[in-house]
Structure formats: structure tokens, C-alpha cells
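Please look over the sequence and the fold shown here before reading on.

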Amino acid sequence: MMSIRTKLSLWLTALVLLSTLIGLAFMESMLRQAFHDSIINRLQEDLEQVALATHLNDGEILIDQSLLSGFYKPAYSGRYYQLNLPDREIRSRSLWDQRLEIVQLEPGQTRAWQTKGPQNHDIQLLSLGLTSSSKKINATLTVAQDLSIGRKVFTEVYGTKLSVNLAMLLAMILGIFLVLRQSFKPVKQIKQALAKLREGEINSLSLETIPPEVKPLAETYNELLEYTSNQIQRSRNNLGNLSHGLKTPLAVMRQQVEALGLKDPDTARALEQQLDQIHKMIERKLAAARITGDMLPAAQLVLPRDLESLCQTLDKVHRYKQISWRFDISDGIPRLPIHREDGMELLGNLLDNAYKWASSLVLVRVWQHQGQVYVSVEDDGPGVAEENMQTLTRRGNRLDEEINGHGLGLSIVKDIAEQYQLDIDFGKSPALGGLKVSLTFKA
């Protein structure tokens, strides 16, 4: 869908273009009409002047040159006159060897038209029908003006006007884009604020820099965030309270089952299995509540910030070893779909185990494939024999008593992975040769 900014830009640009074209067409029409009117007015003055200098008597017909302008003397000067009599023509010297094709008019009749004149130039003509005092002689007096010079001036004036209008058009279009860009700047700020909200840097949108038109939407969004957060927190608290409330009855029931085991071992074993199922069901529901809380970005584990924090802490814990760490995180994975507290405990135990066994390097890789996120923690330590892979997550199990620890780390990792329904896999690191622990976050 086309953005509002693009729509406004296109519509305003089209409106400015249309207005400019209409204005140019109107101005061109006005200039042409003004040019034509000025030519006609000039010819009317010339016609009156030549008519006053023309003497139509029965015995003598002449045009007094002393009463005429000097423009009629140079050849092809651009201003001409011609008097058409029944038997001859009287022409201005400026016509030289050319003659004008004139239609005879009745006395008092006028005619204005355009045609080709000397040197094949367009000329404007104005004719007037005359008669002698005795009305025995009828004549047609015509004055003409070359249009080439006037059209050249018109073209220059209109060209200048067109250049100015085009420059103004470009300036207005540029102004439209600049004004729209400045006007939509708050929207960009809101977009940046939403990105920070997604990253967990802020908890709500700041309303101070939001324009009034968008402010109600931002207020509604903040209210929705607060409502959602409260609902999720309330659900998690209720589930947490339920879990804690059930622990005591479950502990009492386990004691009763243990006592029953002395009398009826089969029944006690069956009840123990049911209690284990109840316990696992409670843990799954609590995990589901935590995952629901992950819908709020601030609750998720942020990459690579939280990983760097864990490694910096482990650098201090294992300061007696010179261990370096490296991250290989694909683009587009800003966080892991796990509650931050659980994620820190999960990856913290994996990294702590890697630090204990690594010789010099710990590698953490995060990538995405077909909608699933994969995490692997690898080290360059001695690794684990194939037959011991299945016992790694057994609570209290330790493969090397010389390494400090209680054998609970990988067991905790397994518990958290089961709560979030993550696939966990142990193998040999092809790049470093040590242990590789892989986690799969399902879509």
C-alpha cells in the first residue's frame, strides 16, 4: 500500500504541475492577444495617418509623403502601405518591388487579416474602403506590419516567463518534498521509539515530541501496553501462587506415599508416577506463562548485550584461565524467545560449563533457519566420550572430579529446556574439537 507521504507528494506535485500548465497556457493566450491588439492599434494609427495624407480628388490622386513616418522609406522596413485604385496602385517605397494582394472594399468598410508579405514574412494587414468627395472614385487603403520582429520579442518575453515559471515550479516541488519530510519527521521519531520499545530500552512511548494529530494513537498504544503488561503480570503471579500453593500439598502427599511404600510398594509406585506428572504439568504451565510474558520485548533476552554481560562475568569468575570468547550471530536476531531470567540461567550454565573445560576459546553461534532459532555453545576442551553424552544432564553427575562444580549446571539446563519445550543436543564441536551443546527454539 502506498504511504501517506508518497500520496501527498504525488497529489501536491500533480496539483502544482496542473496549476502551472494552466497558468502558462492562460498567460500565453493573454500575451498573444495583447500582442495582436497592440499590432492592430498600431495599424489603426498608421491607417489614420496615411488616410490623412491621401488626397482623392477627381483630377489628382496622391499621398503626401511629408506627412508620413520615415519607416515607409527603407526597403522592406517592416511597415508598408498600399492604395488600390480602379486603374492603378500606389505603394510605399518600403514595399520595393512587392505588391500586396488586396480585396477591394466598399467605402467605410474595414478588414483585418494576416498573410505572407515581403521576404515571405508573416504580416498583419488592415484595409479601409475610401471614396472621393464626389464619390466617383472608390479606393482601398491598406497598411501592413511585419510580424517577425514582434514575434521574436514575444518569444523572448514568453521564453523568459516560461523559464521563471519552470524555476518556480521546481522550487515549489522541492519545497513540497522538504515540507512533507519535515512534517513526517515526528512519525520517523515514533518509528525509532517503537524500535527502542521492541529492544526493551523503553517501556512506553514518550508523548512530549508527538504531534497532536498522532498523540491520541500513541496514548492508546501506551494504555494497551500497560493493560497487556498488567494482564500478563497478573496471570504469571496467579500461576506462581498456584505453584507455590501446590508445593506443600505435594510434599505431604510424597511423604504419605513414602510411608505407603513400606506397606504397598506397587500402589506407592503408581502414586509416585502420578505425582511426578502433576509436578511436570505445573512446571509446563509456569513455563507457558513465562513464554506469554515474552510477548513484551523488554522481557526477552537481548543479543548480543546479555551474552556479553554473561561472558564478562565469567571472565572474572574464571580469571585464573585465559579464555577468550567469540560470538557468531546472524543478522535479524535481536533477541531470543525466552524470558530474560530463564535465558540468563540457561546460557549462563552452558557458558560456565564451557569455561570450565575450554583451553582457550568459547564460541557461541546463533542462526535462524525455516523460522526456527538455533543456539550452540562450543569450546576447545577435551570433549566428552560418546558413551557419556546421555548422562551429561543427570543431576549431580560429574565426569571429572578435578573440575570445580556440583554437577547441577547441565541438569538445570535440561529442566529449563523442558519447560520451554526446547530441543537440546550434545555432540562434538567440528570447529573447536570440544563439547558442543545445541538448542533449538521452535517456531
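Contact here means heavy atoms within 4.5 Å, while helices (H or I, at least four residues) and strands (E, at least two) are DSSP runs numbered from the N terminus. This is a predicted model, in which local features need pLDDT of at least 70 and side-chain atom pairs count only at pLDDT 80 or more, although totals for chains, interfaces and linings use all residues. Residues are numbered from 1 along each chain as its sequence is written, and side-chain values use heavy atoms, with hydrogens and water left out. Angles run from 0 to 180 degrees between N-to-C directions, along axes that are lines fitted to C-alpha atoms, for helices over the stretch in contact.

- Within it, β11 (residues 361-369) and β12 (residues 372-379) pair in the antiparallel sense over eight bridges, and W367 stands opposite Y374 in β12.

**Helices on this sheet**

- The 18 residues of α7 reach 25 Å from the first C-alpha to the last, close to the 26 Å expected at 1.5 Å a residue, the expected span being 1.5 Å times one less than the number of residues.
- Since 13 of the 18 residues of α7 are buried, this helix is largely enclosed by the rest of the structure; buried means under 20% relative accessible area, exposed over 50%, and partly exposed in between (1.4 Å probe, protein chains only).

**Nonpolar cores**

- A nonpolar core is a set of buried Ala, Val, Leu, Ile, Met, Phe, Trp, Tyr and Cys residues joined through side-chain atoms within 4.5 Å.
- In the largest such core, which has 36 residues, L336, L347 and L351 touch the most other members.
- The largest share of this core, seven residues, comes from α7.
- Leaving aside neighbours within four places in sequence, L351 is in contact with L307, L310, C311, L314, V362, V364 and V377.
- A second, separate core of 22 residues includes I39, L68, Y72 and A139.

**The antiparallel sheet**

- Another open sheet of five strands has the order β4-β3-β7-β6-β5, with antiparallel pairing, and its twist averages 20° from one strand to the next.
- Strands β3 (residues 79-84) and β7 (residues 138-146) pair over six bridges in the antiparallel sense, with Y80 opposite A144 in β7.
- Strands β5 and β6 form a hairpin with five residues between them, and Q119 in the turn has a positive phi of about 60°.
- Helix α1 (residues 4-53) lies across β3, β5, β6 and β7, running at about 135° to β7.

**Confidence**

- The mean pLDDT of the chain is 83, and 90% of its residues reach 70 or more, where pLDDT is the predictor's confidence in each residue, from 0 to 100.
- Over residues 395-407 the pLDDT is below 50.
- Where pLDDT is low, the predicted coordinates should not be read in detail.

Conventions:
Pairing = 2+ DSSP bridges.
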